[in-house]
Amino acid sequence: MGKRYGFKQDGDKFVLSINNHEEIMSVLAEFCQDLGILCGEVSGLGAVNTATLRFLNPETKRYVDKTFDEQMEISSLGGNISAKDGKVYLHVHVNLGRSDYSVIGGHLLCCTINGACELIVTRFHCQVDRRLDE
Ligand code: FE
């Protein structure tokens with residue numbers, strides 16, 4: 001099976017192009033795992049036709065997840081890359097522009113490209129490990 005992405009490297013910066021119709025978060029995790037990037041940051045642009053966002057209610061400590069099935073522009077995407085139990089852990093937030101030019105946003109769980117997706121990944125030479133804080 002062919003790669004679900006292509007990339008170019010300039011030192012610790014990577015230009016990552018994810019194939020159309022792929023799910024961004026799983027491909028980004030695969031890319032980081034493939035290249036051994038366990039600490040870094042990510043930013044990007046693109047277009048998607050479905051996205052699941054998460055909102056954390058601090059009162060109840062409950063996550064509320066919602067899926068939006070419509071064509072949207074990634075007007076901004078930003079996040080960090082760290083490690084949890086030796087595996088890549090992504091924490092990504094996104095703003096999505098709708099056809100009426102309004103914007104929704106939140107913690108990005110998954111979204112599927114319909115158009116293109118171009119991410120910039122910066123690799124850091126340190127290790128940040130996550131563990132649960134009750
Ligand atoms: Fe978050």
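Helices here are DSSP runs of H or I with at least four residues, strands are DSSP runs of E with at least two, and both are numbered from the N terminus. This is a predicted model: local features need pLDDT of at least 70, side-chain atom pairs count only at pLDDT 80 or more, and totals for chains, interfaces and linings use all residues. Residues are numbered from 1 along each chain as its sequence is written, and side-chain values use heavy atoms, with hydrogens and water left out.

Q: Which side chain makes a polar contact with the side chain of T52?
A: T52 lies in strand β3 and, at 13% relative accessibility, counts as buried (under 20% relative accessible area; exposed is over 50%, partly exposed in between, with a 1.4 Å probe and protein chains only). Leaving aside neighbours within four places in sequence, T52 is in contact (heavy atoms within 4.5 Å) with residues including D65, H107 and C110. A polar contact is a pair of N or O atoms within 3.5 Å; within protein, one must be able to donate a hydrogen and the other to accept it, and residues adjacent in sequence count only if both atoms are side-chain atoms. At 2.8 Å, the partner of T52 is T67.

Q: Which protein donors does the iron ion have?
A: Donors are N, O and S atoms within 2.8 Å of the metal (3.2 Å for Na, K and Ca); water is not among the atoms, so sites may look incomplete. Along the chain the spacing reads H-x1-H-x13-H. H91 sits in strand β6 and H107 in strand β7, so that pair ties together parts 16 residues apart in sequence. Lying 2.2 to 2.3 Å from the iron ion, the donors are H91 (NE2), H93 (NE2) and H107 (ND1).

Q: Which residue's side-chain oxygen reaches the backbone nitrogen of M25?
A: M25 is one of the buried residues of α1, and what covers them includes β1, β3 and β7. At the start of the helix, the side-chain oxygen within 2.9 Å of that nitrogen belongs to E23.

Q: Which residue is the bridge partner of I74 in β6?
A: Two strands pair if DSSP finds at least two bridges between them, and β5 and β6 pair in the antiparallel sense over 11 bridges. Their hairpin has 2 residues between the strands, and D85 there takes a positive phi near 55 degrees. The β6 partner of I74 is L96.

Q: How far apart are the C-alpha atoms of L96 and G106?
A: L96 is buried, with a relative accessible area of 0%, and its contacts beyond four places in sequence include V48, L53, I74 and V103. V103 is also the bridge partner of G97, in an antiparallel pairing of β6 and β7 over 5 bridges. L96 and G106 are 10 residues apart along the chain, and their C-alpha separation is 8.9 Å.
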